[in-house]
Amino acid sequence: MHRRGERGLTLLEMMIVAGLIALMVGVTFPAINSGIDSLRLRSATDAIVSHLTSALNRTERRQMATEVAILRQENLLRFASADNGYRKELAMPDGVTITAVRPEIPGVDPAAPRVFLLHPGGVIPRIEVELTNRRGARRRVSVAPITGTAQIDRGQPW
């Protein structure tokens, strides 16, 4: 019944190929998803460093107090200055959560909003924000009071 010049795929061959493709996708998807979660965590920490640096610079250059509010419940940071022209919000990307704000204040709920004031020529407060992604990877962004710079600390215990 088959002619000599006919070529094609049988249903069984197509099912085997589809099964192999599904197996390859199933094996690689978690690795790709993990990579995306890591990128989101890195992006969030970089954005916090950038915004904190901007607030610190604005405080000194404009000689105007700046407020940094860290809202764990809303998973965002707010920056505001005495002049109405400086209002910024930084929401954390999907899958990244603010898990801690340090230094903790005894007797105050750790989930309560924290507000830090940056004063021109004043002492820079110690600020630490811990972020965690869905896979449990952690990063900490801190502002060093001595140097006045925001930096990322990776995987160091507190």
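**View 1. Surroundings of Ile 127 in the predicted model.** Not counting residues up to four places away in sequence, Ile 127 touches Ile 70, Arg 102, Phe 116, Val 141, Ser 142 and Val 143, a contact being heavy atoms within 4.5 Å. The model is predicted: local features need pLDDT of at least 70, side-chain atom pairs count only at pLDDT 80 or more, and totals for chains, interfaces and linings use all residues. Residues are numbered from 1 along each chain as its sequence is written, and side-chain values use heavy atoms, with hydrogens and water left out. Ile 127 belongs to strand β6; strands (E, at least two residues) and helices (H or I, at least four) are DSSP runs numbered from the N terminus. With a relative accessible area of 2%, Ile 127 is buried; buried denotes under 20% relative accessible area, exposed over 50%, and partly exposed in between (1.4 Å probe, protein chains only). Between Ile 127 and Lys 88 the C-alpha to C-alpha separation is 18 Å, and the two are 39 residues apart in sequence.

**View 2. Arg 102 and its polar partner.** Arg 102 is located in strand β4 and counts as buried, at 18% relative accessibility. Its side chain makes a polar contact with the side chain of Glu 130 at 3.3 Å. A polar contact is a pair of N or O atoms within 3.5 Å; within protein, one must be able to donate a hydrogen and the other to accept it, and residues adjacent in sequence count only if both atoms are side-chain atoms.

**View 3. The largest nonpolar core.** This core has 26 residues, and those with the most contacts inside it are Ile 48, Leu 52, Ile 70, Leu 77, Met 92, Ile 98 and Leu 131. A nonpolar core is a set of buried Ala, Val, Leu, Ile, Met, Phe, Trp, Tyr and Cys residues joined through side-chain atoms within 4.5 Å. At least two residues of the core come from each of α1, β1 (66-71), β2, β4 (96-102), β5 (114-118), β6 (127-133), β7 and β8. Helix α1 gives the most, with seven residues. Leaving aside neighbours within four places in sequence, Ile 48 is in contact with Leu 77, Leu 90, Met 92, Val 129, Leu 131 and Val 141.

**View 4. Salt bridges.** The structure holds nine salt bridges, each a side-chain nitrogen of Lys or Arg within 4 Å of a carboxyl oxygen of Asp or Glu. In one of them, Arg 78 pairs with Glu 89, the closest N and O atoms being 2.6 Å apart. This pair links distant parts of the chain, eleven residues apart, with Arg 78 in strand β2 (residues 76-81) and Glu 89 in strand β3 (residues 87-91). Arg 78 is partly exposed, with a relative accessible area of 38%. Asp 153 and Arg 140 form a further salt bridge, with closest N and O atoms 3.2 Å apart. Asp 153 lies in strand β8 (residues 150-154) and Arg 140 in strand β7 (residues 138-143), so the pair ties together parts 13 residues apart in sequence. Both Asp 153 and Arg 140 are buried. Arg 126 and Glu 128 also meet in a salt bridge (3.3 Å, N to O); Arg 126 is partly exposed at 41% relative accessibility, whereas Glu 128 is buried at 9%. A network of salt bridges links Asp 37, Asp 94, Arg 134 and Arg 135.
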